[in-house]
Amino acid sequence: MARTINRRDFLKLAGLGGAVFASGLGYRTGAAARTYSAAQDFYFVQLSDSHWGFSGPEINPDADGTLRKAVAAVNALKERPDFIVFTGDLTHSTDDPVERRKRMREFREIVSGLKVKDLKFMPGEHDASLDHGKAFRELFGDTHYTFDHKGIHFIALDNVSDAAALIGDEQLAWLRSDLDRLDKEAPIVVFTHRPLFDLYPQWDWATRDGAKAIELLMPYRNVTVFYGHIHQEHRHMTGHIAHHAARSLIFPLPAPGSAPKRMPIPWDAAQPYKGLGFREVDAEVKSARYEVTEWPVQKA
Amino acid sequence: MKRLAIVGSTIALVVALALGVAAYVAATPKEPVVHLSVKRFEYRPKEIVLKKGVAVVIEVESQDVVHGFNLPDLGVRTDVIPGKIARVHVTPQKTGHFTFRCDIFCGTGHEDLDGTVIVEE
């Protein structure tokens, strides 16, 4: 890899988080692969579900401090990531539009302390579903977009601004048009908030028209999805497409269907910040493989 | 003359069919109706009991904003729009406790807006 991460140091620091190798994607060899092989490998950081504005001492007595600790932990990484992406629920929902914007400004102020040149933001339903993404767009920009970075095509899909958890026909047409330009071998990374597949609709862990997006992505042989929403690590394959859910920065939730209710897991004073964290994703562009390292918010 | 006869026969056939359909509808046993109301952030009642194999209509009525009624384990969902009664037809084929929930984000308590269908033998 071009970058020289001291992996041993990472793993030592991440003793509470652990590293997980994200499945390879069977990237095909040949001319198409060589097209991308000159690209430089890199890493980015995914943070998710900080729910700034949440209050619940029995759930997280450090609700005001956890995001700041995550910022410090990311800044403590030995090398700077190329970019950081927040995959939604930056703020906790409020019915008051003034308070919503206040929370978003406070969130933005805190994460401005991240030592990285490029911050990418996406909305979650807590940020965007009550006003169709209006406040989010005012403070953070578009709710769906694409960008290219060192040979990988990134697509941020908005499956929350429609309160019914729909991507919507218009955005799906936009996605189709974007994908039409790409080689079927192109490495593609998709960011969403909700899972695109029916993980557990009983808990609203789904996107109602997510199958349409997956259908559009399916002809592309190197697609990986990173999302949030479920406040825990989770890995799932739809055909050859890997889906990786990230931990939260406010409270963990139970494994899908493992509890009668989708209730936050209470704070464990013996293991503070347990289940919370962020991840770094090392992209090996040539093989379209991603090594995912999960980091705790704070060492015990 | 021949044309008139054809038209007459067609009308007779349509009338007969209409009467037949009406008779069929009248003869169909009416499904029991279970009524739910929903508002931010509560379904009432929060729990309903159904019988396995017995067809019912679940009616859902919103008292405030647009909600959803999603009962994935029994394969039904509908939007619930204020001013309209939403209806789903369901014939449970399995017993157990099944969660229904609002799946249209409706505010700060949305995530707690759910209820249970209990299906008994």
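Two residues are in contact here if their C-beta atoms, placed from the backbone, lie within 7 Å. Hi everyone, please keep that one in mind. Our model is a predicted one, where local features need pLDDT of at least 70, side-chain atom pairs count only at pLDDT 80 or more, and totals for chains, interfaces and linings use all residues. Residues are numbered from 1 along each chain as its sequence is written, and chains are lettered from A and ligands numbered from 1 in the order in which they are written.

Let's begin with chain A. Chain A has eight helices and 12 strands; helices (H or I, at least four residues) and strands (E, at least two) are DSSP runs, numbered from the N terminus. Of its 300 residues, 47% count as buried, meaning 20 or more other C-beta atoms within 10 Å of a residue's own, with 12 or fewer for exposed and partly exposed in between.

Now look at two helices of chain A. Helix α7(A), residues 169-180, packs against α8(A), residues 210-217, at about 10°, and their axes are 10 Å apart. Axes are lines fitted to C-alpha atoms, for helices over the stretch in contact, and angles run from 0 to 180 degrees between N-to-C directions. That makes the pair roughly parallel, a label for angles under 35 degrees. Which residues of α7(A) meet α8(A)? They are A:L172, A:L175, A:R176 and A:L179, and they meet A:K212, A:A213 and A:L216.

Over to chain B. Here four strands form an open sheet in the order β2-β1-β4-β7, with mixed pairing; two strands pair if DSSP finds at least two bridges between them. Strands β2 (42-44) and β7 (85-90) of chain B stand at the edges with a single partner each, so one side of each has no neighbour in the sheet. From one strand to the next, the twist averages 25°. Three bridges join β1(B), residues 33-39, to β2(B), and the two run antiparallel. In that pairing, B:S37 stands opposite B:R44.

Finally, where do the chains meet? The contact takes 13 residues from chain A and 12 residues from chain B. On the chain B side, β5 (67-71) and β8 (96-101) each supply at least two residues.

B:G107 is partly exposed because 18 other C-beta atoms lie within 10 Å. Leaving out residues up to four places away in sequence, B:G107 touches A:D95, A:L130, B:R40 and B:F41.

Notes. Parallel < 35°, antiparallel > 145°, perpendicular 65-115°, else oblique.
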